[in-house]
Amino acid sequence: MAGGAFVNNGAGTKEYPGKLTLYVFLTCVVAATGGLIFGYDIGISGGVTSMDPFLLKFFPSVYRKEKEKESVNQYCKFDSQLLTTFTSSLYLAALVASFCAATVTRVFGRKWSMFGGGLTFLVGAALNGAAQNVLMLILGRILLGIGVGFANQSVPVYLSEMAPAPLRGMLNIGFQLMITIGILAANLINYGTDKIKSGNGWRISLALAAVPAGIITLGSLFLPDTPNSMIDRGHDEAARKMLRRIRGTDDIDEEYNDLVAASRESKLVEHPWANILERKYRAQLTMAILIPLFQQFTGINVIMFYAPVLFKTIGFGSDASLMSAVITGLVNVFATLVSLFSVDKAGRRKLFLWGGTQMLICQIVVGTLIAIKLGTSGDGSFSKVYAGFLVFFICVYVAGFAWSWGPLGWLVPSEIFPLEIRSAGQSINVSVNMLFTFIIAQAFLTMLCHMKFGLFYFFGGWVVIMTTFIAFFLPETKNVPIEEMVLIWKAHWFWGKFIADEDIHVGANLEMTNGKCYHELKFGHWYRDVKYRFQRSSWSF
């Protein structure tokens with residue numbers, strides 16, 4: 001049967017035949033568990049750094065400052081560069097590892113990058129659980145970081161390539177859902193291990209990172225590679241069979257041919273790291289840098305890294321602070337589910353804009369509530385009712401992030417790159433994310449000490465900037481086949497001027513007219529239809 005694609009006239013986008021098969025669903029669920037290791041670490045590190053036995057063993061100066069009876073500036077009592085190095089060293093290691101992961105992902109396939117990441121994380125978890133000094137802690141964190149770098153580089157790309165275009169958002173957000181589940185699991189474990197009287201609860205918390213590591217390590221061995229990766233590595237027939245299996249139809253010729261065309265073009269690129277700097281990739285490169293940067297400057301990791309410490313700082317007891325972190329973790333999971341089921345219907349832009357507005361309001365409210373009670377001196381406390389209001393608005397803030405910048409910060413960069421620069425582009429995305437995660441993690445407690453409640457206004461200002469950027473410069477990418485994404489950029493009012501007609505090869509036939517080469521897109525004038533629809537809908541929020 002001859003393959004063919006068709007146009008969804010409602011969205012002006014090209015679709016391929018096929019459906020969501022059980023096989024694709026299960027493989028995407030297994031691959032998405034790579035997010036568990038990242039989420040578990042985010043949740044566990046903040047919890048153990050609020051445990052007295054952990055602080056007493058590794059950071060006694062912080063412990064003594066916390067236990068001082070005299071009135072202490074609530075903003076500054078956890079300010080320690082050594083303590084923040086424990087948390088942030090992982091993200092510096094992940095930054096470096098992501099560049100190595102790009103080569104592994106491209107040469108050997110996505111699944112082996114996941115396997116390497118899980119195995120390295122497993123070793124790091126064992127080292128942290130057995131740590132006897134700060135050096136062992138930091139070395140373990142570095143190994144954990146390498147694992148995170150490999151997993152975060154390969155998993156989002158794998159999910160975007162395996163998923164059918166109409167459901168790519170939902171399946172890709174499975175990665176963020178697993179991150180939130182990892183955070184929640186870590187918060188629950190911290191809450192339980194903090195009650196262990198022997199004082200070794202922190203060891204259990206750190207060592208249990210081996211569980212999510214084992215899941216992705218073993219799971220990756222049973223994963224197939226994506227048709228895109230198979231074609232790129234010369235396994236054309238295997239790719240055709242895999243595409244037929246994951247789409248649940250024999251009518252895959254059109255999609256297969258587009259994948260082959262994308263692969264042939266990618267093989268012309270000998271140095272993807274150099275090519276990504278070319279003018280025609282300006283839009284993708286900009287998004288790969290700014291989206292992960294903005295994601296970190298939402299301020300979310302201030303909440304997730306240090307939620308127990310933050311709540312303890314503003315007056316909650318140790319037990320109450322850990323429970324508050326559990327509550328925010330639950331909100332994170334359920335709000336991510338909202339995004340998972342709405343992203344392919346509402347679209348990426350609307351979720352970005354809605355979430356940004358919600359986060360901005362909450363940051364202003366939280367900053368103001370803290371300012372009223374602690375002022376600039378940091379000397380004060382919160383009543384239970386007042387603290388309850390504070391936790392409520394923090395939860396609303398977390399929900400806003402969880403259905404916008406949380407999942408979309410990974411989804412959008414993973415789906416916008418053409419095959420020839422996809423691994424390099426995703427590495428830039430991960431490395432920028434890890435760089436600014438490191439910076440925020442390292443600087444947060446010092447920033448809190450010096451900026452006080454103004455820190456929340458600081459991040460609120462960044463939310464205004466990033467929301468404005470999305471409104472003007474990000475086109476809607478829902479339901480667009482991953483290898484046809486260039487057409488959306490070409491249709492954009494700003495990015496289109498960076499892409500010449502001859503740069504569009506996928507989904508186009510070449511035709512000579514009056515001595516010039518023009519791209520006559522399939523299905524009549526599909527490109528002009530996309531541009532017309534984009535111009536009509538781009539500014540509607």
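Predicted model: local features only at pLDDT ≥ 70, side-chain atom pairs only at ≥ 80, totals over all residues.
Q: Where does N228 lie?
A: N228 lies in helix 11, residues 227–232. Helices here are DSSP runs of H or I with at least four residues, numbered from the N terminus.

Q: Is N228 buried or exposed?
A: N228 is buried, at a relative accessible area of 3%. Buried means under 20% relative accessible area, exposed over 50%, and partly exposed in between, with a 1.4 Å probe and protein chains only.

Q: Which residues does N228 touch?
A: Leaving aside residues up to four places away in sequence, N228 touches E161, L259, L419, R422, I482 and E483. A contact means heavy atoms within 4.5 Å.

Q: How many residues does the largest nonpolar core have?
A: The largest nonpolar core has 132 residues, and F54, W405, M434 and W489 have the most contacts inside it. Helix 21 (residues 422–451) gives the largest share of this core, 11 residues. Such a core is a set of buried Ala, Val, Leu, Ile, Met, Phe, Trp, Tyr and Cys residues joined through side-chain atoms within 4.5 Å.

Q: And what does W489 touch?
A: Among the residues that W489 touches are A283, M287, I416, F473 and W495, not counting residues up to four places away in sequence.

Q: What is phi for N479?
A: N479 is not a glycine, yet its phi is positive, at about 65°. N479 is found in the loop between helix 22 and helix 23 (486–491), and N479 counts as buried at 10% relative accessibility.

Q: How many salt bridges are there?
A: The count comes to 11 salt bridges. Each is a side-chain nitrogen of Lys or Arg within 4 Å of a carboxyl oxygen of Asp or Glu.

Q: What about R233 and D225?
A: R233 forms a salt bridge with D225, and the closest N and O atoms are 2.6 Å apart. R233 is partly exposed at 26% relative accessibility, whereas D225 is buried at 7%.

Q: Which residues are joined into one network?
A: The side chains of D344 and R348 meet in a salt bridge, at 3.0 Å from N to O. Salt bridges that share partners join R168, D344, R348 and E415 into one network.

Q: Which residues make the nonpolar surface patch?
A: V107, F108, W112, L218, L221 and F222 make a nonpolar surface patch of about 680 Å². Helix 5 (81–108) and helix 10 (210–221) are the elements that give two or more residues to this patch. Patches are made of residues with over 30% relative accessible area and no salt bridge, with like charges joined within 9 Å and nonpolar side chains (Val, Leu, Ile, Met, Phe, Trp, Tyr) within 5 Å. Accessible areas come from the Shrake-Rupley method with a 1.4 Å probe, and for residues only the protein chains shown count as cover.

Q: Is L218 buried or exposed?
A: L218, which lies in helix 10, is exposed, with a relative accessible area of 54%.

Terms used:
Residues numbered from 1 in each chain as written. Heavy atoms only, no water.
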